[in-house]
Amino acid sequence: MPELLVAKDLRAYYRTGLSGWIRAVDGVSLSLNEGEILGVAGESGCGKSTLAMVLASVARWPLCVQGGTMHVDGRSVPLSGGLKGDGSHRGTVVSLMPQGAMNSLNPTQRVRDFVFDVLRSHDPHVARAETLDRARERLEKLHLPARVLDAYPHQLSGGMKQRVVAVISTLLDPRVLIADEPTSALDVGAQRALLALMVELLEQRIIGSIVLVTHELPILRNVAQRTMIMYAGQLCETGPTEEVIFAPAHPYTKALMQATLVLESATKRQRIEGLEGGPPDLSQPPGGCRFHPRCRYALEACSQSVPPTVVPSAGHDAVCWWLAQATPPPTAAASDGAAEP
Amino acid sequence: MSANGQSPLLRCAAITRVFGQGARAVRAVDDVSLTMQRGEIASIVGESGSGKSTLARVVLRLLQPSAGAVYFDGRDVTRLRGFARRREYWSHVQAVFQDPFGSFNQFYPVRYVLRSALRLEDSALPRREREARMAVALENVGLDPASVLDQLPHELSGGQRQRVMIARAVMVQPDLLIADEPTTMIDASSRANILNVLLDLNRDRRLTILFITHDISLATYVSDTLFIMQHGKLVESGPVERVTRTPEHDYTRQLFADTFSLHGEAWHAAGGGAA
């Protein structure tokens, strides 16, 4: 399987005050295969949107990239954002489909002028008619009339704006699309259409692969081949979506699964328990395993040192002391993980 | 109205609400009739623009219907004139809204929010009793009064704010609670906790709850009755078991088909990625 994107040990902190740092992404490594949709899930404040910004190389102050490397197609991609330097990889190599569609369009420009501006910034000689034809074609796939190109953002509903943003962010045919909660403002019908467009772009090899950030596990189950679960800026479990959802290894993933509302005839009157407490303060994350204060399986070791990586099955790993003790380390991979700082 | 002779708590009779005039008129709610019994949990489900929030605002008497009437406990409340009468109505009907960030005045602590709600009921409540009522209300929704009462809204998480809003609404001891998308902006992990708070209030106090939501999985989790709305019209209604097993209207079937389910056949990208 060709690896399209490889990111190692990403660290991105928000600056607060004079000396404080919020460690929103703290040592995340991931790889993405060609043609794959990788899901990233976790509760609010776990750093998944920050990870999306770092991967799309749009991080800007007060978010500072403190370390890590990223390669796409074997070529290094600069991680820090800002206006300085060469920005030509944005939108073509990596592209962000942002969460807040309401705030992503210029309120003083018609959609068509905005679309043209985006393309012109990458290629000064691009033909206007050609750009708009391509935008029109993509809009139709999302069941939007071509007239939205002539509209101002305030004339569009929230769902329409979200779809316009989806079209603009994929217009330059990026190698990797980073979609940050693209469906959260949409109705179920529109959600399906947007995800279908993403899958179609992937199948036609217009886009290389997709990182899909969402807290909706049912969506990941339906479109993502692999899923990563994040907690407090770190990965706690990565694996094939089916396994992560139906046979979760990490206690946090288990709790997250139990809190998910599912549409089933048997759901009624079956009480679902949510997760108690909130995510930790990332300016002073708890020592050891960051989940230990809320974990029902917490052991003594959990608060003292960083847990080892356990491999429940091939291509599936979880970072947890409890798991390491429950299943004696059968592979070398587990002891490798324990040696990490 | 009902077969057993007991009058329904809420009855909407042919409610219509039109926005705009002439050619540009939009019938946001079009001839909707529904009834709710005391102690029932019902959900109005529909996509954005289906008129479900408009209907909720009409029931809350925040919006005048263009035609039709709202009966509460057998009494016509459509033509309540004057703030004092509507205020009296709001001590029976309370609401929790979608945005727990917009429902607070950010300059005032939680205590202020709760105290102003208590004035709705009785402005001459002695201080000690007031404090006790506020504490009980917060405990009911799983918050610690000692720490929360003096906190400012920005110091609370979204889930905590929504709980404060529920505490505020329930403290007035309403008969009917209207929950307009109460968990849309809440994280998936604490969504279940918020819903459980409401379900417990229904069980322990027979609080009647009307959910307004676009999420049919949420509606089937909490409700006894489902009302499905599309383009301002009520297209299907019935007990939740019946609607989920044998949906009659095409739109209801579409809603179930479009919702992503966790089990059943996956909808994977064919030919893509890691096998």
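The legends below accompany close-up views of a predicted model.

**View 1. Two helices of chain B, α4 and α6, cross each other.** Helix α4 of chain B spans residues 127–140 and helix α6 of chain B spans residues 158–171, and their axes come within 9 Å while crossing at roughly 125°. Angles over 145 degrees would count as roughly antiparallel and those from 65 to 115 as roughly perpendicular, and α4(B) and α6(B) are therefore oblique to each other. The crossing of these two helices, α4(B) and α6(B), is right-handed.

**View 2. Residues at the contact of α4(B) with α6(B).** On the side of α4(B), the contact is made by B:R133, B:M134, B:A137, B:L138 and B:N140, while α6(B) contributes B:A167, B:V170 and B:M171. Sorted by class, this contact has six nonpolar residues, together with one polar and one charged residue.

**View 3. An open sheet of eight strands in chain A.** The strands of this sheet follow the order β6-β7-β8-β3-β9-β10-β12-β11, and their pairing is mixed. The edges are formed by β6 (94–97) and β11 (309–313) of chain A, each of which pairs on one side only. On average, and with direction ignored, neighbouring strands of the sheet are turned by 20° against each other.

**View 4. The pairing of β6(A) with β7(A).** Strand β7 of chain A covers residues 176–180, and β6(A) pairs with it in the parallel sense over four bridges. Within this view, A:S95 stands opposite A:L177 in β7(A).

**View 5. Helix α8 of chain A across two strands.** Helix α8 (residues 251–258) lies across β9 (226–231) and β10 (234–240) of chain A, and runs at about 100° to β9(A).

Notes: Residues numbered from 1 in each chain as written. Chains lettered and ligands numbered in written order. Predicted model: local features only at pLDDT ≥ 70, side-chain atom pairs only at ≥ 80, totals over all residues. Axes fitted to C-alpha atoms, helices over the stretch in contact; angles between N-to-C directions. Parallel < 35°, antiparallel > 145°, perpendicular 65-115°, else oblique. Left-handed = near helix turned anticlockwise from the far one by under 90°. Contact = placed C-beta atoms within 7 Å. Nonpolar A, V, L, I, M, F, W, Y, C, P; charged D, E, K, R; others polar. Pairing = 2+ DSSP bridges.
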